[in-house]
Amino acid sequence: MARRKKGDAVSGWLCLDKPYDLTSTSAVTRVRRAYNAQKAGHAGTLDPLATGILPIALGEATKTVPFLVDADKAYRFTIQWGRNTTTLDREGETTGTSDVRPTRDEVEAVLAEFVGEVDQIPPNYSAIKVDGERAYDLARDGVEFELATRKVTIHSLRVLEAPDVDHVVLEMECGKGTYVRAVVRDLAARLGTCGHVDQLRRTRVGQFTEATAISLETLENLSYEARLSEALLPVETALDDIPALAVTDEDAFRLAQGRAIVLLPRQVETLKAELTPGDRTVSAMVGERLVALCEMRAGRLNPVRVFQLI
């Protein structure tokens, strides 16, 4: 007899506004406990120093996490000029100093060089694995190593304000795998000075924005009032960029059993028009209920991930 899972079978997404000085793992734990959820996970780690959007998946929504991890993101961050640090943020030890203070015009003059597909070396204090070990663990232990350069995409980068000679505030929209701290490191070097991240806030992950974000304090208040369900977003929220196909109850039953369904020619043509080149992923829906994530091949939908949603 299978063991009963601990917790409630609650499913959905929570758009958390993560506070300062809290790890992403701790944030997930607090949300999972609030909902007494059986499963929970997050889409894209935020450093303890950073605040902002941390999408947290509960229950069946955890099956859609990979789609959100790959989503575009937006950040607002403050650079403090004059000091390089080990961690590339204000909490690290000083590794270099400079008296050079770039003006707003000087910063804006070079930003175009950092937009588009660019080569970026990730920070040593990052979660990337090196020979099976996390880079930040090796860095803390004083181990010397070099991370490989990788291609990242920065869609836009602009100055919001320069409140004083020591600081400048920027906004960036980028693809997956882009490190703000690395952008700051490279921008400071390009301008012939030192600099580090003083403040960092993530303002968007895919379709998760500040408009739908909720703080831990608000979440706890909803818990006291037995209104936690009001904060949950549907499981399919992470799949907004994926074409959806309405299926019959009979086809939904077949997909739930792991069996493929045959599409009508007009359905195939409609989906082909909506799919991006090289992509075959389709959401099968019965009304507003997500049944399965499928792969379309040879006029058929083959279930890849099946959802047990009521």
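**View 1. Ile261 and Leu301 face each other across a strand pair.** In this predicted model, Ile261 sits opposite Leu301, a residue of β18. The two strands involved here are β15 and β18 (residues 300–306), which pair in the antiparallel sense over two bridges.

**View 2. Step back and you'll find an open sheet of five strands.** Read across the sheet and the order is β14-β16-β17-β18-β15, with mixed pairing. The edges belong to β14 (244–246) and β15 (261–262); each has a single partner strand, so one side of each has no neighbour in the sheet.

**View 3. β1 is a strand that's mostly covered.** Of the seven residues in β1, six are buried. Who is its partner here? Strand β3 (residues 51–58) is joined to β1 by seven bridges, and the two run antiparallel. To spot one of these bridges, look for Lys18, whose partner in β3 is Gly52.

View 4. Start with Leu216, Leu219 and Leu222, which are buried residues of α6 (residues 216–224). Why do they end up on the same side of the helix? They cover an arc of only 120° around the axis, which puts them there together. Now look at the face turned away from that buried side: Glu217 and Tyr224 are the exposed residues it carries. As for what covers the buried residues of α6, that includes β1 (12–18) and α1 (24–35).

**View 5. Tyr35 and Phe77 sit in the largest nonpolar core.** This core has 47 residues, and Tyr35 and Phe77 are the ones with the most contacts inside it. Helix α5 (residues 180–190) gives the largest share, five residues. A separate core of 19 residues lies apart from this one, and its members include Ala71, Val235, Leu239 and Ile242.

View 6. Leaving aside residues up to four places away in sequence, Tyr35 touches Asp8, Val10, Leu14, Leu58, Leu219, Leu228, Ser229, Ala231 and Leu232. One of these, Leu219, is a buried residue of helix α6.

Terms used:
Residues numbered from 1 in each chain as written. Predicted model: local features only at pLDDT ≥ 70, side-chain atom pairs only at ≥ 80, totals over all residues. Heavy atoms only, no water. Buried < 20%, exposed > 50% of the residue type's maximum accessible area, 1.4 Å probe, protein only. Helix = DSSP H or I, 4+ residues; strand = E, 2+ residues; numbered from the N terminus. Arc of directions from axis to C-beta. Contact = heavy atoms within 4.5 Å. Pairing = 2+ DSSP bridges. Core = buried A, V, L, I, M, F, W, Y, C linked by side-chain atoms within 4.5 Å.
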